[in-house]
Amino acid sequence: MTTGKEREAHVLERLIGGEDKGLPVEAAGLTVGEYLASKPELSEFWTPLLVLSEDALAGNIAFMAGWLRERGLELMPHGKTTMAPQLWQQQLDAGATGITVANPSQLKVARAHGFDTVMLANQLADQNAIRWVAGELEHPECTIWSWVDSADGVRLAEEALRGLSPARPLSVLVELGAPGKRTGARGVAAALEVADAVAASPVLRLAGVAGYEGALGKDRTEPTVELIRRYVADLLELHGKLGDRYADGDVLVTCGGSNYPDIVADLFATARKSDSARYVLRSGAYITHDDGAYHALSPFDRDRAGEEHSLVPVAHGLARVLSQPEPGLALLDGGKRDFPYDDGLPVPQFAVSHADGQVSALHGAIVSDMNDQHSFLRTAPGWEPKVGDLVVLGLSHPCTTFDKWRLIPAVRNLVPGEDAVITRLIETCF
């Protein structure tokens, strides 16, 4: 099994190029290791820039690992959040039992980087991908779970593998959905029919049940919480009814994103006491948390959980003021191509003066709009940061944060200056 140190060593050998956004021109042509050996300061990096807080990152990973361990539950975190094998490995080293991905291309990335236990949280519909997955199962150390929500999905697998002799059947979990929502069989009765088709297939193994409760709500009102509890209860009912249809081998019951893990874990922890199945959550965004969408909904946000039992934001944007053309408006040099905007705009946190390095609060400031390469920072007249000043932004929705960057500095201090310590560069697979 690959260790975190081995993955970090691999990244240290990576050559930095001019296309690596945010890194200073002096870094181009050096390996990551050579550049880090020069002890660069954060102030040397160009803006716009994405930075990660190393301590907050480690704290979030440790918190979630411990929280689930106390409840006897597993974590296969969703890798699409970061698409960063270094961070996936850090999650595994903390106790995660596998990595989740969203599509066959991400699964291919995971296998290429040596991850042996991977869940594809979707139905395999591409026949080329189905055949490739079957081929990966030639490796005895490799375990891949995928989902299925229809008899059509079963037939696709059988057609793709006709005439072939896979080393093992493909392990699939029957996905339970909800009316009008995302993928998944619509109701327990429909899911049972899918399970029967899987059990009768010579190329598939019925290996559990799966669902995603996060598609059911965007708030924590009582009706939404009750809806999610009923959905998870239906998933457990489906699992109970499949008891005599499961094939030999591990059985997984999986649900649980980053907005409602407490609700899922509460029901899972009770169910597993009288069951030999493995109960798995797939929370992914917890690793970085955020200052927007997850701040508003996560049960572990500090505003709900308190300082000692909380996740904290890890990712921040650094942008410089390009223009201050009118009172109350400053234009920043980072936009939609740099920072996420699909589920909440960036949140201004503080400014650092270009003239003297003084840090100032940005009380009441907002980002009102974004273009491809600009953000519109609105303040009270007279409180605008000046041209050249640095603005630190909180970000929302990590799943569309990392996809804009190839190498991301992790630091121990987000305020530029002599106290800032670059601990490593995180490589993504984008």
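Is helix 4 mostly covered or mostly uncovered, and how many of its nine residues are buried?

Tutor: The model is a predicted one. Helix 4 is mostly covered, with seven of its nine residues buried. The buried residues in helix 4 are Pro85, Gln86, Leu87, Trp88, Gln89, Gln91 and Leu92. They pack against helix 1 (4-12), helix 3 (54-70), strand 3, helix 5 and strand 18 (422-427). Just after helix 4 comes Gly95, which has a positive phi of about 125 degrees.

One of the packing partners of helix 4 is helix 5, which spans residues 104-112. At the start of helix 5, Asn103 places a side-chain oxygen within 3.2 Å of the backbone nitrogen of Ser105. Within helix 5, the residues Gln106, Leu107, Val109, Ala110 and Arg111 are buried. The cover over these residues includes helix 4 (85-93), strand 3 (99-101), strand 4 (117-123), helix 6 (127-136) and strand 5 (143-148). After helix 5 comes Gly114, and the phi of Gly114 is positive, near 85 degrees.

For comparison, consider a strand elsewhere in the chain. Strand 16 covers residues 390-394, and because five of its five residues are buried, strand 16 is largely enclosed by the rest of the structure. The cover is on both faces: Leu390, Val392 and Gly394 lie on one side, Val391 and Leu393 on the other, and all are buried. Strand 16 pairs with strand 10 in an antiparallel arrangement, joined by five bridges. In that pairing, Arg320 stands opposite Leu390 of strand 16. Strand 16 also pairs with strand 12 (residues 347-352), again in the antiparallel sense and over five bridges. Here Val391 of strand 16 is the bridge partner of Ala351.

Glu308 sits in the loop between helix 12 (302-305) and strand 10 (315-326). Glu308 has a relative accessible area of 71%, so it is exposed, the cut-off for that term being over 50%. Between Glu308 and Leu329 there are 38 Å in space, C-alpha to C-alpha, for a separation of 21 residues in sequence.

How values were computed:
Residues are numbered from 1 along each chain as its sequence is written. This is a predicted model: local features need pLDDT of at least 70, side-chain atom pairs count only at pLDDT 80 or more; totals for chains, interfaces and linings use all residues. Side-chain values use heavy atoms; hydrogens and water are left out. Buried means under 20% relative accessible area, exposed over 50%, partly exposed in between (1.4 Å probe, protein chains only). Helices (H or I, at least four residues) and strands (E, at least two) are DSSP runs, numbered from the N terminus. Contact means heavy atoms within 4.5 Å. A polar contact is a pair of N or O atoms within 3.5 Å; within protein, one must be able to donate a hydrogen and the other to accept it, and residues adjacent in sequence count only if both atoms are side-chain atoms. Two strands pair if DSSP finds at least two bridges between them.
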